[in-house]
Amino acid sequence: MIALSLGDDGAELCPLQPWQAEEFLAHVDRGREFIGRFNGLPDVVTDPQSSRAFLEAYARKEAADAGLIRAIRLDGTLVGAVILRRLDVPQGTAEAGCWLEPDAVGRGLVTRAARHLIDWAIRERGVHRVEWWVSAGNAPSIAVARRLGMRKEAVLRQSHLHRGERHDEEIWAVLAPEWTAGPAADAA
């Protein structure tokens, strides 16, 4: 397996493949309630079959150059992931996302992993705009967007139905010229 170091703390960014569905399910189970506060993943990944189907969907997206998923590992343990939910190279747009187990929070893992993902999308794939859609109540994810040098561009009022409640959704984004010229690029 090819892994990219995220620093001196044993954190790595790695591929996440359908054959790892059992491990992925165990990871989701460890963080089910925490992750599910703002993310629908725990409602989709509920058993080995749905776990495999989720990872297969991302494998198809990656094969079609339309998205991807990468594991965040800490000392070899799967603790989270970063994704490109959408990747539209001809249009030059992408939407990034993330989640972590509660025990992995507060270490900068998502910021470091997302920085690599965004840098790859912009520098290697030629993406011009990377978006970060986040529930207005998800302060940690909004803080990541800020640390990545993104700007808040919109609030979609009550646009997202999650577990029976309507949530405002914020759209944050960074453009390629901002990324390559800004402080986030220096830390990549």
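**View 1. The open sheet has eight strands in the order E1-E2-E3-E4-E5-E6-E8-E7, with mixed pairing.** Its edge strands, each pairing on one side only, are E1 (4–5) and E7 (151–162). Two strands count as paired if DSSP finds at least two bridges between them; helices (H or I, at least four residues) and strands (E, at least two) are DSSP runs, numbered from the N terminus. The model is predicted: local features need pLDDT of at least 70 and side-chain atom pairs count only at pLDDT 80 or more, while totals for chains, interfaces and linings use all residues. Residues are numbered from 1 along each chain as its sequence is written, and side-chain values use heavy atoms, with hydrogens and water left out.

**View 2. Strands E7 and E8 (residues 165–175) run antiparallel and are joined by eight bridges.** Leu 161 has Arg 166 of E8 as its bridge partner.

**View 3. Helix H4 (residues 109–123) packs on the sheet.** H4 touches E1, E2 (11–15), E3, E4, E5, E6 (129–135) and E8, where contact means heavy atoms within 4.5 Å. The direction of H4 makes about 30° with that of E4. Helix H5 (residues 139–147) lies across E5, E6 and E8 and runs at about 160° to E6. Axes are lines fitted to C-alpha atoms, for helices over the stretch in contact, and angles run from 0 to 180 degrees between N-to-C directions.

**View 4. In helix H3, Ser 50, Ser 51, Phe 54, Leu 55 and Tyr 58 are buried.** Down the axis of H3 the buried residues fall within an arc of 135°, so they line one face of the helix; the arc is that of the directions from the helix axis to the C-beta atoms. They pack against H1 (21–35), H2 (41–44), E3 (68–74), E4 (77–88) and E5 (93–100). The face turned away from the buried side carries exposed Gln 49, Arg 60 and Ala 63. Buried means under 20% relative accessible area and exposed over 50%, with partly exposed in between (1.4 Å probe, protein chains only).

**View 5. At the start of H3, a side-chain oxygen of Asp 47 reaches to within 3.2 Å of the backbone nitrogen of Gln 49.** After H3 comes Asp 65, with a positive phi near 60°.

**View 6. Glu 170, in strand E8, is buried, with a relative accessible area of 8%.** Leaving aside neighbours within four places in sequence, Glu 170 is in contact with residues including Trp 132, Trp 133, Ile 142 and Lys 152.

Methods. A polar contact is a pair of N or O atoms within 3.5 Å; within protein, one must be able to donate a hydrogen and the other to accept it, and residues adjacent in sequence count only if both atoms are side-chain atoms.
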